[in-house]
Amino acid sequence: MKAITYRNFGPAEDVLELIDMPDPEAGPGEVVVQVKATGINPSDVKLRGGARPGAVMQYPIVIPHSDGAGVIVSVGPDVDPSRIGERVWIWNGQWQRAFGTGAEFIALPTEQAVNLPESTSFAEGACFGIPAMTAWYSLYSGGPIAGKTILVTGGAGTVGRYACQMAALGGARVITTVSSQEKAAHSGAGEFVNYRTQNVAETVFDMTNGTGVDRIVEVDFGANQDASLALIRPGGTIASYSSASNMRPELDFYGFMFKNIHLHMLIVYQLDAVARRRGEAQLREWLEQGVLNHAVVPAGELADAATAHRMVEAGEKMGTVVLEV
């Protein structure tokens with residue numbers, strides 16, 4: 001099979017290489033998926049660049065990317081052979097594993113290949129593993145959200161855009177923060193604050209008649225801590241999946257304590273099986289209903305992986321960068 005690989009950390013154009021590798025075989029409890037699309041997330045490019053604290057190459061050779069979609073072409077022992085031919089989307093393809101979805105085939109545990117409805121394209125399915133599931137878990141880890149007011153920071157981002165949609169589908173009032181009118185439109189949220197030209201806390205208080213919000217889906221905890229603490233209602237939840245601007249922020253402990261706030265620092269790679277099955281079921285229901293809109297950024301084929309990685313690093317794209325395989 002053809003596969004994008006790297007053997008050392010470094011710039012995409014220096015370390016990514018398209019090579020031939022042996023086709024994988026399904027072991028016990030595994031399936032082999034013929035990959036049709038591979039999604040590239042910020043975590044993938046950071047890992048390839050060696051940006052994680054204390055990063056070392058854990059494997060002699062790596063096939064990157066955790067998200068993808070394709071068709072099951074073979075199964076291992078203990079897997080129902082009726083799965084052969086099934087369209088699926090993939091999660092954790094390269095989480096604590098050497099070989100991800102940046103190849104023509106991938107072998108992985110059967111539960112990590114989730115049924116993909118016919119109405120959803122492979123490119124769209126390649127957006128689910130990290131962006132869509134992070135959005136769902138940020139919103140629904142504590143149960144239903146109907147009637148709640150939710151602030152989604154960074155609503156034009158890959159997670160934020162899904163979160164805006166999913167919050168509305170759950171019956172919540174959605175307010176998001178963006179940096180331009182174009183990004184406001186891209187987010188799909190009906191109510192927004194331009195954080196470059198408006199004071200977020202003051203504006204959201206005005207929008208909510210001074211009552212603030214019940215839950216915050218937070219893209220940058222360190223940068224937004226003060227506004228989040230001001231806006232969150234007593235007993236509310238801040239679900240944060242990143243703090244890129246300050247990876248070790250100083251926590252206003254007593255400020256949060258005296259409001260009885262739940263701080264949920266989450267990473268979708270570590271979802272427990274029960275929560276993940278709930279999320280998969282909800283995603284499937286929405287997909288079958290045709291109510292989710294996906295932001296796919298086409299970036300070519302496997303041979304274009306270095307350019308695609310640079311697109312993600314530049315941070316200017318609006319959506320999930322996807323390579324066709």
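I take buried to mean under 20% relative accessible area and exposed over 50%, with partly exposed in between (1.4 Å probe, protein chains only). This is a predicted model, so I note that local features need pLDDT of at least 70, that side-chain atom pairs count only at pLDDT 80 or more, and that totals for chains, interfaces and linings use all residues. Residues are numbered from 1 along each chain as its sequence is written, and side-chain values use heavy atoms, with hydrogens and water left out.

I started with His65. Its phi is near 90°, a positive value in a residue other than glycine. I placed His65 in the loop between α2 and β4. Helices (H or I, at least four residues) and strands (E, at least two) are DSSP runs, numbered from the N terminus. Is His65 buried or exposed? His65 is buried, with a relative accessible area of 0%.

Next I looked up Asn260. Asn260 is not a glycine either, yet its phi is positive, about 55°. It sits in the loop between α9 and β13. Asn260 is exposed, at a relative accessible area of 55%.

**Entry: the nonpolar cores**

For a nonpolar core I used a set of buried Ala, Val, Leu, Ile, Met, Phe, Trp, Tyr and Cys residues joined through side-chain atoms within 4.5 Å. The largest has 44 residues. Which of them touch the most other members? I found Trp89, Phe128, Leu139, Ile150, Tyr162, Met166 and Leu283. Two or more residues come from each of β4 (67-75), α3 (122-125), α4 (128-140), β8 (149-153), α5 (158-169) and α10 (273-289). α4 gives the most, with nine residues. I also noted a second, separate core of 17 residues, which includes Ala12, Ile40, Val62 and Val312.

**Entry: Ile150**

I then followed one core member. Ile150 lies in strand β8. Ile150 is buried, at 0% relative accessible area. I counted contact as heavy atoms within 4.5 Å. Leaving out residues up to four places away in sequence, Ile150 touches Leu139, Ile145, Ala167, Ala172, Arg173, Val174, Ile175, Arg215 and Val217. I also checked Ile238: Ile150 and Ile238 are 88 residues apart in sequence and 9.8 Å apart in space, C-alpha to C-alpha.

**Entry: helix α7**

Which residues of α7 (residues 200-207) are buried? They are Val200, Ala201, Thr203 and Val204. Seen down the axis of α7, they fall within an arc of 165°, so they line one face of the helix. I take the arc as that of the directions from the helix axis to the C-beta atoms. The face turned away from the buried side carries the exposed residues Glu202 and Asp206. The cover over the buried residues of α7 includes β8, β9 (173-178), β10 (191-194), β11 (213-218) and α8 (221-231).

I looked at both ends. Asn199 caps the N-terminal end of α7, with a side-chain oxygen 3.2 Å from the backbone nitrogen of Ala201. After α7 comes Asn209, with a positive phi near 55°.

**Entry: helix α8**

In α8, I listed Phe221, Gln225, Ser228, Leu229 and Leu231 as buried. Viewed down the axis of α8, these fall within an arc of 150°, so they line one face of the helix. The buried residues of α8 pack against β8, α7, β11, β12 (232-240), α9 (253-257) and β13 (262-265).

**Entry: helix α11**

The buried residues of α11 (residues 305-314) are Ala305, Ala306, Ala308, His309 and Val312. Down the axis of α11 their arc is within 160°, so they line one face of the helix. Among the elements that cover the buried residues of α11 are β1 (2-5), α1 (12-15), β3 (30-40), α2 (42-49), β14 (296-301) and β15 (320-324). Gly315 follows α11, and its phi is positive, near 75°.

**Entry: the cavity**

I defined a cavity, on a 1 Å grid over the protein atoms alone, as a set of points where a 1.4 Å probe fits but cannot get out; lining residues have an atom within 4 Å of a point. How many cavities of 30 Å³ or more are there? The count comes to one. About 70 Å³ of space lies in the largest cavity, a volume being the space filled by probe spheres set on the points. Its lining consists of Cys127, Ala156, Gly157, Thr158, Arg161, Tyr162, Gln165, His186, Asn293, Ala295, Gly319 and Thr320. α5 gives the most to this lining, with four residues.

Methods:
A polar contact is a pair of N or O atoms within 3.5 Å; within protein, one must be able to donate a hydrogen and the other to accept it, and residues adjacent in sequence count only if both atoms are side-chain atoms. On a 1 Å grid over the protein atoms alone, a cavity is a set of points where a 1.4 Å probe fits but cannot get out, and a pocket is an open set with protein on both sides within 12 Å along at least five of seven lines; lining residues have an atom within 4 Å of a point.
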